[in-house]
Structures are given as structure tokens and as C-alpha cells.
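The sequence and structure come first.

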Amino acid sequence: YEKTDRATCNVYLESFALHFRSLIKFLYRPYKPGDREPDDIYADDYIEDVTSWNVNRPDKTSLLHDANTKVNKQVAHLTYMRVRADKEWNWAAITVDLKQVVLCFFNHLPESRRAWFQGTLPYGPTGPTGTSSPAVAGGHTGPAGPTGFGGPTRG
């Protein structure tokens, strides 16, 4: 990592940050009115027992909360904070906390949907190492989601 040029490091950071932001929104659905677009996808679109998911899902740790704020302020939006903010990222610790929520999501999936994620959990890229997980190296970004906007109908 230390021998990697600045532009490459920035690419790794942006990739990690934006994918992290997408996962946080997916796993911790915003419940304020107007925060969901009709075609947004959330974890509970895939889970049959949403009450159990909401009860058992780990709370968003302060590290995940702070990292999400940092992504918003330093990567996703142009802000004044971007120029003076702390540029250090604890990739490994963020990944550890995020994996706990991803594993909880996986464990709440119906058995028929777990196959969609086999081979991609619980591991993936862990930072700017230049080594991708088998799923990323194979070009797999995940299964197709439920059909129709707003997720599957439950019934």
C-alpha cells in the first residue's frame, strides 16, 4: 500500500467508500418519509421476517456511523470539510463491523435466497491490497434483486 501511487490509493478509497455507503443504506434502511426512491433496494426486501431482522440486526456502530458521515463529507459530496478533514480510514475495523451486519442479513435470508450469495460472504476486498475476492475477480456483483420496484410483494 505504501508503494502505491496517490491516484491509485484514491481509486481504492472511492471504491471502498461508495460501496460502503451503498451497503449501509441497504442494511440500515432510512425510515424518514421521502428518503426512499421507488426503485431503491433494501435488505428487508429480501427477508420474509422483517420484524426478526429489525430486532436482531446489530445496531449501527459508532464506527459505521462515523465512516458513513466521513464518506458523505469527503467522497460523495463536495463539502468544506473535505479539505480539512482527517484523511485516515480504518479499513480493517470498518470491514469487521460491516461484516457482522452482512452476516446477520445472510442468516435472516430465506433458505431459497441464500444461494444467491454463496461464495461471496462473509469475505471480500479489505482495502487497497490489490487483491480482490473471488467474487470480485470473477465479475460478480451480486444477484438480481426482486422484480418490480420497491421489492417483492409479501403475502
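The buried residues of H5 are covered by elements that include helices H1, H2, H3 and H6, where cover is counted by contact (heavy atoms within 4.5 Å). The ranges of these helices are tabulated here.

| Helix covering H5 | Residues |
|---|---|
| H1 | 6-27 |
| H2 | 50-56 |
| H3 | 62-76 |
| H6 | 111-114 |

The model is predicted; local features need pLDDT of at least 70, side-chain atom pairs count only at pLDDT 80 or more, and totals for chains, interfaces and linings use all residues. Residues are numbered from 1 along each chain as its sequence is written, and side-chain values use heavy atoms, with hydrogens and water left out.

H5 itself spans residues 91-108. Its 18 residues reach 26 Å from first to last C-alpha, close to the expected 26 Å (1.5 Å times one less than the number of residues). Its buried residues (under 20% relative accessible area, 1.4 Å probe, protein chains only) include Trp91, Asp97, Lys99, Phe105, Phe106 and His108.

The protein has seven helices and zero strands, taken as DSSP runs (helices H or I, at least four residues; strands E, at least two) numbered from the N terminus. Of its 155 residues, 32% are buried. Among contacts with a separation of 6 or more, 63% join residues 24 or more positions apart.

Asp44 lies in the loop between H1 and H2. Asp44 counts as buried because its relative accessibility is 3%.

Note on methods:
Buried means under 20% relative accessible area, exposed over 50%, partly exposed in between (1.4 Å probe, protein chains only).
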